[in-house]
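Colleague: Hi! I'm new to this one, could you walk me through it?
Modeller: Happy to, here it is.

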Amino acid sequence: MSSQQEMSLVTANPPVNVDQIFAEVDMTGGDSSPIVRATVVQASTVFYDTPATLDKAERLLAEAAELGSQLVVFPEAFIGGYPRGSSFELSIGARTAKGRDDFRKYLASAIDVPGPEVERLAEMAKKYKVFLVMGVIEKEGYTLYCTVLFFDSQGQFLGKHRKLMPTALERCIWGFGDGSTIPVFDTPIGKIGAAICWENRMPSLRTAMYAKGIEIYCAPTADARETWQSSMTHIALEGGCFVLSANQFCRRKDYPPPPDYLFSGSEESLTPDSVVCAGGSSIISPLGVVLAGPNYEGEALISADLDLGDIARAKFDFDVVGHYSRPEVFSLNIREHPRKAVSFTSKVTKDETVKN
């Protein structure tokens with residue numbers, strides 16, 4: 001079944017003619033505020049098949065571009081996969097041969113950054129003239145990171161954010177990010193950054209992003225519970241920013257069948273059509289208005305027009321790092337340098353210094 005047949009389209013505004021799409025938005029003054037059309041993708045990974053997942057991503061990106069989208073946000077771990085339900089057969093003080101092999105297969109689905117998959121994603125962004133925010137599983141050596149990649153509409157790779165704090169068993173599978181990858185990119189459609197899943201609950205991380213002036217706050221996630229919407233609305237109100245939350249919608253059949261892949265503790269109760277992640281993707285304005293979603297029905301493209309003037313309207317009430325801050329009482333220090341386990345310092349001899 002093609003992605004066109006699979007996808008439902010949920011949009012807060014009627015589609016626009018693709019010929020009217022512009023790669024950049026006029027951010028200069030005037031009576032009217034800039035409008036940015038944004039789409040969050042709610043769809044499943046092709047698990048253990050990164051080339052097929054990239055093909056699916058391109059189909060979805062093409063559909064979003066047809067809607068007139070200038071910004072497209074994909075879910076957490078879309079490229080490489082979110083290993084939902086998998087225990088990797090871990091227990092304290094013990095590993096199994098199957099668990100180690102599960103990790104080997106998962107590692108094989110991850111991507112290098114930079115690398116050929118990043119180049120292809122950049123080509124997609126350029127082809128469809130969209131700003132692209134993509135959740136991936138990144139590998140560096142034999143360590144994996146849950147990462148978000150950013151691309152501009154000209155196909156330029158802008159940078160990445162690595163998840164600072166994996167949750168629960170994720171900590172045994174993924175490494176930890178550091179302060180060197182908490183970017184907010186100043187683009188022609190607004191200042192864009194991302195926090196992944198439950199790290200959105202970390203007040204210090206959010207404050208760092210607010211201090212960098214974030215306007216379009218992307219929140220790729222794996223949390224499909226209704227309570228997630230409360231967090232997204234709170235962040236939109238707290239930060240005076242648009243919040244775009246993208247989650248996968250997955251059925252059991254979107255993962256490899258048993259015994260290749262097992263949902264620990266629940267496999268016996270699942271059928272191929274059982275929903276294992278219900279989505280809930282949404283777009284929320286700085287004033288706390290839900291512009292689109294949440295969608296719990298299936299794979300979907302969820303779109304809305306963002307009136308960037310709402311940022312100023314919201315911050316008139318509350319500017320968390322401006323007139324509502326109390327720097328004489330509270331302060332936050334952020335260490336942005338990379339944390340490396342090993343560093344090398346070359347010894348320069350006296351003769352080499354003379355030659356230089």
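Colleague: Which residues does G175 touch, leaving out those up to four places away in sequence?
Modeller: G175 touches T143, L144, Y145, K163 and P166, where contact means heavy atoms within 4.5 Å. This is a predicted model, so local features need pLDDT of at least 70, side-chain atom pairs count only at pLDDT 80 or more, and totals for chains, interfaces and linings use all residues. Residues are numbered from 1 along each chain as its sequence is written, and side-chain values use heavy atoms, with hydrogens and water left out.

Colleague: Where is G175 placed?
Modeller: In the loop between α5 (170-173) and β7 (184-187); helices (H or I, at least four residues) and strands (E, at least two) are DSSP runs, numbered from the N terminus.

Colleague: Is G175 buried or exposed?
Modeller: G175 counts as buried because its relative accessibility is 13%. Buried means under 20% relative accessible area, exposed over 50%, and partly exposed in between (1.4 Å probe, protein chains only).

Colleague: New topic: where is I283 found?
Modeller: I283 sits in strand β13 (residues 281-284), and it counts as buried because its relative accessibility is 0%. The C-alpha atoms of I283 and L244 are 4.7 Å apart, though 39 residues separate them along the chain.

Colleague: And which residues touch the most other members of the largest nonpolar core?
Modeller: L71, L244 and L306, in a core of 48 residues. Such a core is a set of buried Ala, Val, Leu, Ile, Met, Phe, Trp, Tyr and Cys residues joined through side-chain atoms within 4.5 Å. A second, separate core of 29 residues includes A57, A65, A125 and L149.
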